[in-house]
Amino acid sequence: METRFVFYGEAGLPVYANFRADGLRSLLKGIETVSGSSIYYHFHHALFRRHFITSDYLNDFARWVWLHLNEPSLAEKLASLDPVDYGTVREAREALWRLIREAVGASESVFRVPEGEEFYFSELRSFVYPVGLEATDLESFGRVLDQVPDGSLLYHFIAAAARLGHPRNDFSLWLEFLGEEELARQFDRVSPYAYNLHQLRARMVELIRARLDHVRDAG
Amino acid sequence: MSATLGDYVEWLGQGEIREIERLAGFLGPLRVQHINSTAEGGGVAEILHRLIPLKKEVGLHPQWTVIEGEQAFFDATKAFHNALHGRRTEISREAFHVFRETGKKNLNKVQRDADVVVIHDPQPLPLVEARDQTRARWVWRCHIDLSEADPRVWGFLRGFVERFDAAIFHLPEYTQHVGIDQYLLMPAIDPLSEKNRDLPSGEVQKVLERFSVDPERPILLQVSRFDYLKDPLGVLEAYRKVKRWADCQLVLAGGGASDDPEGERVYREVLSRVDDADVHVLQLPPDSHREINALQRAATIVIQKSIKEGFGLVVTEAMWKGKPVIGGNVGGIRRQVLHGVTGFLVNTVEGAAFRIRQLLSDPVLRQRMGEQARELVRSRFLLPHYLRNWLLVLLALRNPGRGVFRLGLPAD
């Protein structure tokens, strides 16, 4: 682990994945066959695109199943899958597949959606780049965190699990390395579920400031 | 004077502007030639006017070229346009011939040292014949909804499209079966343009006075060309249903109908059905940006009851002004009007009337939806977002392949 934290950003361009689903069965087929990048886009990256406006749906699959297939039970289950819990895209794909497979033939109220309402699988051409900012201690970390693009939060916080292969984020790991175990645990508990990106960033900066105030008061 | 990236920081934040500058830095002085068929009028020209200076600011070398053609060529492309939108249109063999020949006459407009050539919409598609004389990557930027394209016209154009490296569509619903990458890029508005910038309240009042609209009573507004696909007659009918219950005025504002025979017909038909002093049908010149801006700011509710809509930047404009929008449940409107959050999606005249009544009677709901509408536009549909996504397109063209690409980093 480096003593400095180098911030990276991830920026992605959606590309049509040449597959569309018009019902639960073809959605299942899509989940089986599309690229890992497509699962990442609709499952992990959806959390990044999520705003107050889509807060009921944590991923694109849940949203479509709810709005177009009229399957609220399945939508709730799909929405409950937390991208941060899945160490690999393969695991995420399997979890999605299992839930949808159970519903096929069991509760299909809409067998085929009207034309134009299909689920269009897309995938992401992602570009990872150094943002040009780094932190060397807790104070600079908090300052820089407030200035990095949203894509940095995607890279270090939301997508980290899929990249690292375990459910932890880059920020927590580095804070632990700094000897800030308690703050690292607090970062672990910051759930992207509860916040949009703006709030997520504000929450993390607030935690750092509180810690810095505490150190200052103690000193 | 053109806006600079720094002028957008207040809406996007420093981090997003930094991202744009960093991504552009990886491209360097790339020569990007945009080619379309008109320098003025229409959404493509409007967005290029705003986008090109920003591309220059971040270090690219963009160039904008407009092709030339006779009237017969533009008649042909107009017919193609209608057919691509799914309308039954008679197209002669001569039209296809003129289209090809005009393309040949414009081949010399392709910049031979371009790194990327961007062809906008179908009109300049045949210029791809010049691709072997360049070392450029070629991309087709389609601004049209092709989901119900006439197979004969699309079959003809597809031969050109498949010679490109990639195509760009607003929405996945508009993509086609072609053997090239299809990128997805939603358009955006410029908050600093005449159409969207803040206006002094006195100016808004003056515009209302000029058109005899009462600022003290609720205003329903639809801004669109006079076109059956925008359903102005349906809006009028919805207004009538509401008027029985609630006091309000309706403004139908459109422009550019004088050079469009069908537009003129629709405009006259709308006028012929108006028998109410509270309905204002305004045919405005194409450069009436500030007037449109003022009307949108003055509106109580904005309506866009389209039957078909590519993206609907007019919806984006209204939302940016903090207005709840009642929109047709089609195309790009569905990506902006989030039902019950930023407005309401409707499928019928009755649905539109019901939602207008609901919003007229609930100022708190109007306020909340308007704020959420503006926030959605702020977070996704402003010009720097579009610029950023264009940079990603250029990066993707330069680095073909799938998955994650690392910039400025040692390879894994």
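A salt bridge here is a side-chain nitrogen of Lys or Arg within 4 Å of a carboxyl oxygen of Asp or Glu. Before you click: this is a predicted model, where local features need pLDDT of at least 70, side-chain atom pairs count only at pLDDT 80 or more, and totals for chains, interfaces and linings use all residues. Residues are numbered from 1 along each chain as its sequence is written, chains are lettered from A and ligands numbered from 1 in the order in which they are written, and side-chain values use heavy atoms, with hydrogens and water left out.

**Stop one: inside chain B**

Color residues 5-188 + 382-398 of chain B as domain 1 and 201-380 as domain 2; the bounds come from an automatic or database domain assignment. Their C-alpha centres sit 29 Å apart. Contact (heavy atoms within 4.5 Å) involves 19 residues from domain 1 of chain B and 18 from domain 2 of chain B.

Together these two domains bury about 1,600 Å², 55% of it on carbon and sulfur atoms. Buried area is the accessible area (1.4 Å probe) that two parts lose on being put together, summed over both. Now select B:Trp11, B:Arg87 and B:Leu382: on the domain 1 side they lose the most area to domain 2 of chain B, together 30% of what that side buries.

How many salt bridges are there between domain 1 of chain B and domain 2 of chain B? The count is three. For a salt bridge to zoom in on, pick B:Arg335 and B:Glu173, whose closest N and O atoms are 2.7 Å apart.

**Stop two: chain B against chain A**

Show both chains. Here 41 residues of chain B meet 37 residues of chain A, and the buried area is about 3,200 Å², with carbon and sulfur atoms giving 58%.

H2(B) gives the most, with eight residues. (Helices, H or I with at least four residues, and strands, E with at least two, are DSSP runs numbered from the N terminus.)

**Last stop: strands across the chains**

Select strand S2 (residues 119-135) of chain A along with S13(B): three bridges join them, and they run parallel. Strands pair if DSSP finds at least two bridges between them. To finish, center on A:Val128, whose bridge partner in S13(B) is B:Arg406.
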